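Subject: Structure handover and notes

Dear colleague,

I am passing on the structure we spoke about, together with some notes. Please look through the model before reading on.

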Amino acid sequence: MDDNTSEDLPPHSRLSAGCKLCYEGAKLVLFLTGQCHRDCWYCPLSQERKNKDVIYANEHKISSPEEMIQVAKRMSALGTGITGGEPFYNFDRLIEYTSALKKEFGSTHQIHLYTAMAPNEKTIHSIKNLVDEIRFHPPSDQWSHLEDTAFHQSILIAKKAGLDVGIEVPSLPNLNDLEHYLPNIDFLNINELEWGDYNADEMRNRGYLLRGDVSNAVQGGWENASHIVSLPKVHWCSSDFKDRVQLRMRLRRIAVNTAREFDEITDDGTIIYGVWECDGKNETIPGDSDESLFERFDDRIETGWWILDEISDFISGPAYFIERYPDGGIILEVTPL
């Protein structure tokens, strides 16, 4: 497998249950907090999340388990991936939110948790009926001797408690240090090292360069992983794969559940519609247009892009097409009519 094909999905036998649901776009992404006890130089979090005590369900900032459940329902989530920051940093919140998920969706709702801590036996037993899969992120300077660290003890406890247990790390140069440890875990996930706003200075200081003009991945990540990724239990998750497959599948799932009759769902899972800025509550719509294909607001009318195109010669005021993530997600492009 070379760099041009590294985004292809490896055999499913290498994927954990959580990864399979991610591939299908069926996992809610729960960002439980941006706070963390570690300060990894490669952390890709944005300024809006890094070291901030904020909660996001997919792209939506939330403040309660009830809001999380609503976001999960809008995408028909079959599972949840919990990340941060460090989810264990706010243990009470972790218990509250995972309990709400299991209560609402049942025990078959698969939950995986990503942690840079090495929780003790009491902590692991507190989550064993709430979390199905745990992914440890030990610091790279411990990879060569994990058996002598607290992570090893935590991994053994988690396996004994019946959790699926893996390690998830970025594609750093010493990845092969983890080869000897593979018999102790169920899987090893390697995430392609990515350039972010927060870690940009650290990337530059270490001489990293972007792999391409349209990718956040850095050069050398695949080369670092090329040996160990060929081994059993190891899964390579490229930046391209996350953008082109995981995100797209999740967006399409959300769009199918939330799109209005006139929203066009694209192959990428975004939606496109038309906006006419006007007195939306009182403006007369030209022709014999079906009112059910329009949504009125105080300052605009939204409709299908093709409908707006048809009536554009008969209206006044700004009009444009919008492409955005579904369910009120971020706007990607505004095209004047």
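Predicted model: local features only at pLDDT ≥ 70, side-chain atom pairs only at ≥ 80, totals over all residues.

Residues are numbered from 1 along each chain as its sequence is written, and side-chain values use heavy atoms, with hydrogens and water left out.

The sheet is open and has 9 strands in the order 3-2-1-4-5-6-7-8-9, with mixed pairing; strands (E, at least two residues) and helices (H or I, at least four) are DSSP runs numbered from the N terminus, and two strands pair if DSSP finds at least two bridges between them. At its edges are strand 3 (60-62) and strand 9 (234-237), each of which pairs on one side only, and the twist from one strand to the next averages 25°. Within the sheet, strand 6 (residues 133-136) and strand 7 (residues 164-170) run parallel and are joined by 4 bridges, with Val 165 of strand 7 as the bridge partner of Ile 134.

Helix 3 (residues 91-105) lies across strand 1 (27-33), strand 2 (55-57), strand 3, strand 4 (79-84) and strand 5 (110-115), and runs at about 160° to strand 1; such angles run from 0 to 180 degrees between N-to-C directions, with axes fitted to C-alpha atoms, for helices over the stretch in contact. Helix 8 (residues 239-258) also packs on the sheet, where it touches strand 1, strand 8 (187-191) and strand 9, its direction making about 85° with that of strand 9; contact here means heavy atoms within 4.5 Å.

Volumes are the space filled by probe spheres set on the points, which are joined across faces, edges and corners.

The second largest pocket holds about 210 Å³, and helix 8 gives the largest share of its lining, 5 residues. Among the lining residues are Asp 243, Arg 244, Asp 268 and Tyr 325. A search of the whole structure finds 1 cavity of 30 Å³ or more, and the largest cavity has a volume of about 50 Å³. Its lining includes His 60, Met 75, Leu 251 and Pro 326, with helix 2 (65-74) and helix 8 each supplying at least two residues.

UniProt, in an unreviewed entry, lists "domain: Radical SAM core" at residues 32-131, a stretch that is 32% helix and 20% strand with its end C-alpha atoms 14 Å apart. It also lists "domain: DUF8061" (unreviewed entry) at residues 269-337; positions follow the numbering used here, feature names are shortened, and annotations may be inferred rather than shown by experiment.

Finally, a cis peptide bond with omega of about 25° joins Gly 84 and Gly 85, and Gly 85 lies in the loop between strand 4 and helix 3. Asn 51, in the loop between strand 1 and strand 2, is a residue other than glycine with a positive phi, near 65°.

Best regards

Definitions and conventions
1 Å grid on protein atoms, 1.4 Å probe; cavity = no way out; pocket = protein on both sides within 12 Å on 5 of 7 lines; lining within 4 Å.
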